[in-house]
Amino acid sequence: MPKEVAATEREKKLKSLETNDDEEVSALSCYSCDHLESESICEDNLIECDTSSASLGMMRVAAFKPTLQIIQSTSFRCFELLIENTPGQILRTRGCSFDTVDVCQGEPRIGVQTGCRWCNDHDGCNSAGSFKGSMHLLAGLLVIAMLQKIF
């Protein structure tokens, strides 16, 4: 679905919600999936974060990090966790999490954590494209720093 269409549908949904001052409405949507395949495989599975989807996301993380302390909250973040189970085989898990839980902390019980991030700055911030963009920015900054040392 094109980003413009998704944004328009999202705006309509937000306008149709009736809220009172005591109730917080989550407007964050995250990609949600587990896979060993291509980085962009779950680009069709954008879900709105709520208590249920955050609980499901926490269950996914707890499968790798059973000692992770889960504290429920009314605000949410998106996450992407990368675990290398066997050499060359990386499991990517994405979803919603409670804002109070840092899914990147702690070591997995099996495999090696090769990447992790959590965000709440925009819908779908845990997409493969967002992660690649961050890595390209970091690589660019490292090149600039090395060039400054040389010259």
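**Exercise 1.** Determine how many disulfides the structure holds.

*Solution.* The criterion is a pair of cysteine sulfur atoms within 2.5 Å. In this predicted model, four disulfides are present. Among them are the links of Cys-30 to Cys-78, Cys-49 to Cys-96 and Cys-119 to Cys-125.

**Exercise 2.** Characterise the link of Cys-30 and Cys-78: its S to S distance, its handedness and the parts that the pair ties together.

*Solution.* 
1. The angle about the S-S bond is -85°, and the link of Cys-30 and Cys-78 is left-handed.
2. Buried means under 20% relative accessible area. Cys-30 has 0% relative accessibility and therefore counts as buried; Cys-78, with a relative accessible area of 0%, is buried.

**Exercise 3.** Where in the chain do Cys-49 and Cys-96 lie, and is each of them buried or exposed?

*Solution.* 
1. A disulfide with an S to S distance of 2.1 Å joins Cys-49 to Cys-96.
2. Cys-49 sits in the loop between β3 (46-48) and α2 (51-64), whereas Cys-96 is in strand β5 (residues 89-98); the pair links distant parts of the chain, 47 residues apart.
3. The link of Cys-49 and Cys-96 is left-handed, with -85° about the S-S bond.
4. A relative accessible area of 1% makes Cys-49 buried. Cys-96 is buried, its relative accessible area being 1%.

**Exercise 4.** Assign the handedness of the link of Cys-119 and Cys-125, and explain why Cys-119 counts as buried.

*Solution.* 
1. The S to S distance between Cys-119 and Cys-125 is 2.0 Å.
2. With 100° about the S-S bond, this link of Cys-119 and Cys-125 is right-handed.
3. The relative accessible area of Cys-119 is 12%, so Cys-119 is buried. Cys-125 is buried at 3% relative accessibility.

**Exercise 5.** Which backbone oxygen does the side chain of Arg-117 reach?

*Solution.* 
1. Arg-117 is located in strand β6 (residues 112-119).
2. Arg-117 has a relative accessible area of 14% and is therefore buried.
3. The side chain of Arg-117 reaches the backbone oxygen of Asn-126, at 3.3 Å.

Key: Residues numbered from 1 in each chain as written. Predicted model: local features only at pLDDT ≥ 70, side-chain atom pairs only at ≥ 80, totals over all residues. Heavy atoms only, no water. Helix = DSSP H or I, 4+ residues; strand = E, 2+ residues; numbered from the N terminus. Buried < 20%, exposed > 50% of the residue type's maximum accessible area, 1.4 Å probe, protein only. Polar contact = N/O pair within 3.5 Å; in protein donor to acceptor, adjacent residues only side chain to side chain.
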